[in-house]
Amino acid sequence: MILTIPLICIVLLWVALIYLNERHQLFSVDHFSSTTMKWIGYVWLGLFLFLLTFLIVGSSQHPPTAKDLSKVPFYSLFTLHAILLTFLVGWWLLTRRPPVGTFLNVPRERAGEAIMTGFAVGVGGWILTIALALVIGLLLAASGLIPKNPQPSPMIGYMASLPVWKKATIVFSAMTVEEAFFRGWLQKRVGLVASTMLFALAHSGFGQPFLLIGVAIISLIIGFTFYRTKNLIPGIIAHGVFDGVQLFVIIPIVFKMAGLGG
């Protein structure tokens with residue numbers, strides 16, 4: 001019963017995407033070799049959406065406890081990223097294998113400028129995100145829509161206790177795979193607002209309302225940067241800066257100040 005409404009919504013979304021492409025060329029950036037390949041692409045997209053729904057709903061309804069996390073292998077943290085990457089590879093193969101730079105909007109020109117733009121957006125976006133998230137969080141807490149003193153989820157505590165190389169691996173995987181999908185693939189087809197909503201939804205497994213507010217804000221900032229630059233590199237760098245600051249600095253400091261330890 002928990003899955004019924006999300007599955008109905010995902011079916012409606014899938015049908016809507018097909019309809020919009022058939023009538024209004026939603027996937028105009030894609031070039032299928034035949035009608036058969038296009039419908040195989042639709043099926044591939046449908047399978048991906050259903051799998052993603054099961055994963056997100058399952059993780060949000062049954063968040064792992066600290067005891068559960070102590071037993072899971074490290075590689076299991078990358079399940080979502082593996083699904084996103086598999087979908088991207090499959091879609092790339094179905095659309096005549098275009099140059100990867102074209103497929104994901106990674107031009108070779110002015111790479112240095114793109115990297116520096118990413119650092120600027122990452123630092124500025126982090127400051128703006130924290131400020132806005134605090135204001136929005138306080139307003140929502142005052143209205144009773146979210147708890148006034150939310151406790152950090154076991155997943156965040158688990159990630160905060162990881163050694164440096166594991167944290168770095170998580171940040172690298174998130175900044176590359178998530179940006180490749182949510183900006184390089186999704187935003188080009190459904191727009192900034194829809195891709196931001198789905199980006200926030202994909203992080204609902206953390207079970208932290210305040211975190212979701214911050215995720216939505218930084219996604220809008222990175223998404224707007226992608227819209228203006230048409231380049232994935234600034235978003236990758238900004239995403240890495242944001243996640244790196246959170247995982248290496250903010251979360252450990254907050255846990256230490258709160259006396260929560262690792």
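Colleague: What distance should helix α2 (residues 35–61) span, and how far apart are its end C-alpha atoms?

Modeller: This is a predicted model, and every value here is computed from it. Helix α2 has 27 residues, which at 1.5 Å a residue should span 39 Å. The separation of its end C-alpha atoms agrees with that expectation: 39 Å.

Colleague: Which elements cover the buried residues of α2?

Modeller: The buried residues of α2 include G41, Y42, L45, F48 and L49. Buried here stands for under 20% relative accessible area. The cover over these buried residues includes α1, α4, α8 and α9 (192–202).

Colleague: How many aromatic pairs does the structure hold, and what kind of pair do W91 and W185 form?

Modeller: A pair of aromatic rings is described by the distance of the centres and the angle of the planes. The structure holds 17 aromatic pairs. For W91 and W185 the centres are 5.4 Å apart and the planes stand at 85°. Planes over 60 degrees apart count as edge-to-face, so the pair W91 and W185 is edge-to-face.

Colleague: How many residues apart in sequence are the parts that the pair of W91 and W185 ties together?

Modeller: W91 lies in helix α4 (residues 79–94), while W185 lies in helix α8 (residues 164–190). Both tryptophans, W91 and W185, are buried. Because the two sit in these separate helices, their pair ties together parts whose distance in sequence is 94 residues.

Colleague: Is the pair of F181 and W185 stacked or edge-to-face?

Modeller: F181 and W185 are four residues apart in helix α8, so about one helical turn separates them. F181 is buried, as is W185. Their ring centres are 5.7 Å apart, with 10° between the planes. Planes under 30 degrees apart count as stacked, so the pair F181 and W185 is stacked.

Colleague: Which lysine has its charged end over the ring of F74, and which lies over the face of Y227?

Modeller: Over the ring of F74, the charged end sits 5.0 Å from the centre and belongs to K166. Over the face of Y227, the distance to the ring centre is 4.6 Å, and the residue is K230.

Colleague: Is R23 buried or exposed, and what distance separates its C-alpha atom from that of S143?

Modeller: R23 is found in helix α1 (residues 4–24). Its relative accessible area is 54%, so R23 is exposed. Along the chain R23 and S143 are 120 residues apart, and their C-alpha atoms are separated by 43 Å.

Key
Residues numbered from 1 in each chain as written. Predicted model: local features only at pLDDT ≥ 70, side-chain atom pairs only at ≥ 80, totals over all residues. Heavy atoms only, no water. Phe/Tyr/Trp six-rings, centres within 6.5 Å; stacked < 30°, edge-to-face > 60°. Buried < 20%, exposed > 50% of the residue type's maximum accessible area, 1.4 Å probe, protein only. Lys NZ or Arg CZ within 6 Å of the ring centre and 35° of its normal. Expected span 1.5 Å × (residues − 1). Contact = heavy atoms within 4.5 Å.
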